[in-house]
Amino acid sequence: MSETVADMVSGGDESPHTTLLGSEFVGYDAETQTATMRFTVKPEMCTWRGGVQGGLVAGYLDDVMGYAYVAATEGQGAPLNLDLSMSLLKLIPVGATIIGKGRVVRAGRKVIFLEGELLGEDGTLYARSTSTALPTPRPSASQTGMPS
């Protein structure tokens, strides 16, 4: 992956959730419209069971699927979720490094279909998801009033 793709996706204007999730954009395959991200599971993301809370698993999946669309639109677009469905297949343990794969299945003018999965470094499948979203222009911190 070239530095220009990473810069295009982050836009030098990362969303505050990126820090919370411990997101790292790894790469993008334009042919398959698949983004790869790495997440390090922080203790703050976990329940007393020692694994990531389910709603926060959805955050990881949403992040990687969203970045697939951002990369597919060369940093110009961002998906606005209408629906996100996920299957939690295995507890994601505290301290784990997980690899997220997000893919644009189809992107039209009015609707986007996305898929995502979270894997351990050893290939263990932790979770899968699908999302239906609206294509929107990618907002910036200055447009939303959020701190950058």
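What is the relative accessible area of Arg-103, and is the residue buried or exposed, or partly exposed? Its relative accessible area is 31%, so Arg-103 is partly exposed. Keep in mind as you read on that this is a predicted model.

Arg-103 has a charged partner: its side chain meets that of Glu-115 in a salt bridge, with 2.8 Å from N to O. Because Arg-103 belongs to strand 4 (residues 97–107) and Glu-115 to strand 5 (residues 112–120), the pair ties together parts that are twelve residues apart in sequence. Glu-115 has a relative accessible area of 33%, so this residue is partly exposed as well.

## Two further salt bridges

A search of the whole structure turns up three salt bridges. Arg-128 counts as partly exposed because its relative accessibility is 45%, and Glu-117 counts as partly exposed at 23%.

Glu-24 and Arg-38 bring their side chains together in a salt bridge at 3.2 Å, N to O. Glu-24 sits in strand 1 (residues 23–29) and Arg-38 in strand 2 (residues 34–40), so that distant parts of the chain, 14 residues apart, are linked. Both partners are partly exposed: Glu-24 has 39% relative accessibility, and Arg-38 has a relative accessible area of 28%.

## A nonpolar patch

Leu-80, Leu-82 and Leu-134 make a nonpolar surface patch of about 270 Å². With 32% relative accessibility, Leu-134 counts as partly exposed. Patch residues need over 30% relative accessible area, so Leu-134 at 32% passes that cut-off.

## Helix 3 and its ends

Helix 3 covers residues 54–72, which makes 19 residues. From first C-alpha to last, helix 3 reaches 27 Å, close to the 27 Å expected at 1.5 Å a residue.

At the start of helix 3, a side-chain oxygen of Gln-53 comes to within 2.8 Å of the backbone nitrogen of Gly-55. After helix 3 comes Glu-74, with a positive phi near 55°.

Technical notes. Residues numbered from 1 in each chain as written. Predicted model: local features only at pLDDT ≥ 70, side-chain atom pairs only at ≥ 80, totals over all residues. Heavy atoms only, no water. Patch = residues over 30% accessible without salt bridge, like charges linked within 9 Å, V, L, I, M, F, W, Y side chains within 5 Å. Areas by Shrake-Rupley, 256 points an atom, 1.4 Å probe, with all protein chains shown as cover. Salt bridge = Lys/Arg side-chain N within 4 Å of Asp/Glu carboxyl O. Buried < 20%, exposed > 50% of the residue type's maximum accessible area, 1.4 Å probe, protein only. Helix = DSSP H or I, 4+ residues; strand = E, 2+ residues; numbered from the N terminus. Expected span 1.5 Å × (residues − 1). Polar contact = N/O pair within 3.5 Å; in protein donor to acceptor, adjacent residues only side chain to side chain.
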